[in-house]
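Dear colleague,

Here is the structure I promised to pass on, with its sequence. Please have it open while you read the notes that follow.

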Amino acid sequence: MFTLFTYMALIVGVNWGFAVTPLIALPNGEMWPPMSLVVGFIFVVRDYAQRRVGHHVLWAMLVGCVVSWYMATPQLAVASAAAFAVGELGDWALYTFTRRPFSQRILLSSLLGAPLDSIVFLGLIGLATPWSVVIMSLSKLVGALLVFWLVRRRELREYALAEPRP
């Protein structure tokens with residue numbers, strides 16, 4: 001249950017963070033939301049929560065979006081809810097239907113979910129450009145790549161320990 005509540009809290013927290021954290025101007029004049037770095041961890045925490053509670057994680061996603069509605073501006077709340085719905089459902093589907101090791105499912109589901117989330121979110125708040133979508137997607141993938149690397153190392157270590165020695 002801890003990962004489920006952590007997942008819901010992260011959804012609410014990142015939406016609140018987007019509302020209060022100033023955007024950073026990039027050299028090309030576009031704006032970058034630094035909170036996008038946190039979103040990558042949300043995709044991964046959802047993977048862990050789904051591992052624990054299965055498809056009930058979808059209820060946690062809904063609760064997080066409803067609570068977020070009251071913590072952000074209406075435009076930000078709609079953009080966030082739509083982005084989470086599309087990005088997280090894509091992430092959920094890939095994680096659910098891919099029968100690969102856990103580390104690979106974390107990576108693959110994030111590679112799908114992060115760009116979907118970025119396109120929808122930035123499009124609905126009027127900041128979608130090819131550059132902004134790429135930068136935001138890459139920002140989100142930083143967290144997923146870090147967790148992928150850590151989990152993959154653990155899987156390889158466990159595999160090496162499980163191999164019979166001659």
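I begin with helix α6, where Glu155 and Arg152 both lie, three residues apart, which is about one turn of the helix. This is a predicted model, in which local features need pLDDT of at least 70 and side-chain atom pairs count only at pLDDT 80 or more, whereas totals for chains, interfaces and linings use all residues. Residues are numbered from 1 along each chain as its sequence is written, and side-chain values use heavy atoms, with hydrogens and water left out. Helices (H or I, at least four residues) and strands (E, at least two) are DSSP runs, numbered from the N terminus.

Salt bridges

Glu155 and Arg152 form a salt bridge, with their closest N and O atoms 3.4 Å apart; the term stands for a side-chain nitrogen of Lys or Arg within 4 Å of a carboxyl oxygen of Asp or Glu. Glu155 is buried at a relative accessible area of 15%, while Arg152 is partly exposed at 27%. Here buried means under 20% relative accessible area, exposed means over 50%, and partly exposed lies in between, with a 1.4 Å probe and protein chains only.

The structure holds three salt bridges, and another of them joins the side chains of Glu158 and Arg154 at 3.6 Å, N to O.

The side chains of Lys140 and Asp117 meet in a salt bridge at 2.2 Å, N to O. Lys140 belongs to helix α6 and Asp117 to helix α5, so this pair ties together parts that are 23 residues apart in sequence. Lys140 counts as buried at 0% relative accessibility, and Asp117 is buried with a relative accessible area of 5%.

Helix α3 (residues 57-69) has 13 residues and reaches 19 Å from its first C-alpha to its last, close to the 18 Å expected at 1.5 Å a residue, where the expected span is 1.5 Å times one less than the number of residues. Its buried residues are Val57, Ala60, Met61, Gly64, Cys65 and Ser68. They cover an arc of only 135 degrees around the axis, which puts them on the same side of α3; the arc is that of the directions from the helix axis to the C-beta atoms. The buried residues of α3 pack against α1 (2-20), α2 (36-53) and α4 (74-97), contact meaning heavy atoms within 4.5 Å.

Helix α2 has 18 residues, and its buried residues include Val39, Ile42, Phe43, Arg46 and Asp47. The partners against which the buried residues of α2 pack include β2 (31-32), α5 (102-124) and α6 (130-162). After α2 comes Gly54, whose phi is positive, near 70 degrees.

The nonpolar patch

A nonpolar surface patch of about 1,200 Å² has Trp16, Trp59, Trp69, Tyr70 and Leu124 among its residues. Such patches are made of residues with over 30% relative accessible area and no salt bridge, like charges being joined within 9 Å and nonpolar side chains (Val, Leu, Ile, Met, Phe, Trp, Tyr) within 5 Å; accessible areas come from the Shrake-Rupley method with a 1.4 Å probe, and for residues only the protein chains shown count as cover. Helix α3 gives the most to this patch, with six residues. Trp59 lies in α3 and is exposed, with a relative accessible area of 58%.

With best wishes
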